[in-house]
Amino acid sequence: MQKELLKIENLTKTFLIKSRMYEKKQSLTAVDDVSITLFKGETFGLVGESGCGKSTLAKLILRLIEPTSGQILYNGDNILKLSKRGMKRVRKDMQIIFQDPQASLNPRMSIGQTVSEGLGVHKICSTRKERVDRTKELLNLVGIHEQSLNMYPHEFSGGQRQRVGIARALSVNPMLIIADEPVSALDVSIQAQILNLLKDLQEEFDLTYLFISHDLRVVEYLSDRVGVMYLGKMMELADSKSLYKQPLHPYSTALLSAVPSIAVEGKKKRIILKGDVPSPINPPRGCIFHPRCQYAKETCKEIVPELREIKNGHFSACMLAEDIFLV
Ligand SMILES: Nc1ncnc2c1ncn2[C@@H]1O[C@H](COP(=O)(O)OP(=O)(O)OP(=O)(O)O)[C@@H](O)[C@H]1O
Ligand SMILES: [Mg+2]
């Protein structure tokens with residue numbers, strides 16, 4: 001049986017924001033009642049348009065921000081209840097790779113200092129020699145020449161900087177890596193190199209990935225399972241093969257139809273969604289997707305659909321899923 005590494009239950013984050021137009025603060029729910037389980041060694045891909053809450057979910061898992069409600073279990077422990085010391089241990093296990101390697105590396109720190117910082121903080125190496133040797137080993141692992149140790153981020157290309165970011169994440173022997181749009185800022189040719197590097201490292205170190213991207217092809221290439229988010233909610237969650245072959249939510253169908261190279265069963269033409277993504281400050285009633293959905297019925301305007309299992313391991317938050325997709 002697969003081992004559960006991370007279990008998120010009913011996680012919600014509501015921000016209170018000031019607006020010039022209104023005197024009272026307004027609430028914006030960026031992550032709304034999201035539950036997912038990550039199994040050890042798998043890659044879980046998280047997709048959805050800009051602003052749907054992907055990065056907020058990542059920050060919640062790392063406890064960079066605190067949730068409004070819900071639970072986060074890591075190896076069975078509720079990390080929201082951990083002390084500072086307990087959390088330090090979990091932080092070592094969970095590492096993040098950011099979208100923009102330029103912004104995520106300190107320009108005043110050499111590559112060697114950047115990669116070796118965690119080795120000291122988490123007492124992984126005790127002597128300077130051990131630290132230098134381990135840093136060289138890590139740089140070699142991600143395809144950066146070990147003689148670059150004393151160079152600075154600005155002396156590297158975007159792809160190389162992202163490799164340094166990966167080496168930094170790996171330095172503390174993590175179990176889980178959250179990669180938030182790790183290749184979006186890179187050229188397509190470099191993207192493939194970084195994705196392959198991530199795949200190789202996963203195999204070598206039995207890593208678990210939460211891989212966030214708005215690029216459906218990139219997610220398909222890397223993920224075992226995929227979750228599709230819309231306005232803070234999980235709309236569909238399935239095995240990658242199953243989702244890409246036959247999505248069971250009108251939102252995912254529309255997203256996939258926009259990528260010409262993805263061959264969804266029975267796909268005819270591109271589905272152009274009506275209107276824009278609504279504001280998360282004042283989301284639609286009922287199913288949040290209903291104003292843009294070509295299949296919406298009266299009930300969709302009233303009832304909030306649950307994410308439910310439609311086929312084996314394939315979940316959809318559309319109450320009409322069977323009627324639309326399984327006839
Ligand atoms: N600190 C904050 N205070 C107020 N609102 C926030 C805060 N952080 C995020 N939000 C809002 O929460 C929503 C989700 O943002 P988030 O950054 O998680 O989206 P995302 O899916 O990562 O988008 P992108 O693909 O553009 O990175 C957005 O409406 C955003 O404006
Ligand atoms: Mg983001």
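User: Let us begin with a single residue. Which residues does Glu302 touch, not counting residues up to four places away in sequence?

Analyst: Please keep in mind throughout that this is a predicted model. A contact here requires heavy atoms within 4.5 Å. By that criterion, Glu302 touches Arg285 and Gly286, with residues up to four places away in sequence left out of the count. Glu302 itself has its place in helix α11, which spans residues 298-302. As a further distance, the C-alpha atoms of Glu302 and Pro284 are separated by 9.5 Å, and these two residues are 18 residues apart along the chain.

User: Where is Gln246 found, and with which side chain does the side chain of Gln246 make a polar contact?

Analyst: Gln246 is in the loop between α9 (240-245) and α10 (250-257). For a polar contact one looks for a pair of N or O atoms within 3.5 Å. The side chain of Gln246 makes such a contact with the side chain of Lys311, at 3.0 Å. Leaving aside neighbours within four places in sequence, Gln246 is in contact with His314, Phe325 and Leu326 as well as Lys311.

User: How should I read a sheet? In what order do the strands of the 8-stranded open sheet stand?

Analyst: The order is β6-β7-β8-β3-β9-β10-β12-β11, and the pairing is mixed. The edge strands, β6 (94-97) and β11 (308-311), each pair on one side only. From one strand to the next, the twist averages 25°.

User: In which sense do β6 and β7 pair, parallel or antiparallel?

Analyst: They pair in the parallel sense, over 4 bridges, with β7 covering residues 176-180. One of the residue pairs is Gln95 with its bridge partner Ile177 in β7. Helix α6 (residues 158-170) packs on this sheet and touches β6 and β7, its direction making about 175° with that of β6.

User: What is the order of the strands in the 4-stranded open sheet, and why is one side of β2 and of β5 left without a neighbour in the sheet?

Analyst: The order is β2-β1-β4-β5, with antiparallel pairing. β2 and β5 (77-78) stand at the edges with a single partner strand each, so one side of each has no neighbour in the sheet. Strand β4 (residues 69-74) is joined to β5 by 2 bridges, and the two run antiparallel. Within that pairing, Leu73 has Asn78 as its bridge partner in β5. Helix α1 packs on the sheet, touching β1, β2 and β4, and its direction makes about 115° with that of β1.

User: Finally, how does one describe a ligand site? How many residues surround ligand 1?

Analyst: The shell around ligand 1 holds 14 residues, and the closest are Ser50, Gly51, Lys54, Ser55 and Thr56. By class, the shell divides into 6 nonpolar, 5 polar and 3 charged residues. At least two shell residues come from each of β1 (4-17), β2 (26-39) and α1 (54-61), and the largest share, 3 residues, is that of α1.

User: How far is an N or O atom in the side chain of Ser50 from an oxygen atom of ligand 1?

Analyst: The distance is 2.5 Å for Ser50. For Lys54, a polar side-chain atom lies 2.8 Å from an oxygen atom of the ligand, and for Ser55 the corresponding value is 2.8 Å. Ligand 1 taken alone exposes 640 Å², of which the protein buries 65%.

Notes: Residues are numbered from 1 along each chain as its sequence is written. Chains are lettered from A and ligands numbered from 1 in the order in which they are written. This is a predicted model: local features need pLDDT of at least 70, side-chain atom pairs count only at pLDDT 80 or more; totals for chains, interfaces and linings use all residues. Side-chain values use heavy atoms; hydrogens and water are left out. Two strands pair if DSSP finds at least two bridges between them. Axes are lines fitted to C-alpha atoms, for helices over the stretch in contact, and angles run from 0 to 180 degrees between N-to-C directions. A residue is near a molecule or strand if one of its heavy atoms lies within 4 Å of it. A polar contact is a pair of N or O atoms within 3.5 Å; within protein, one must be able to donate a hydrogen and the other to accept it, and residues adjacent in sequence count only if both atoms are side-chain atoms. Accessible areas come from the Shrake-Rupley method with a 1.4 Å probe; for residues, only the protein chains shown count as cover. Ala, Val, Leu, Ile, Met, Phe, Trp, Tyr, Cys and Pro count as nonpolar, Asp, Glu, Lys and Arg as charged, and the others, Gly among them, as polar.
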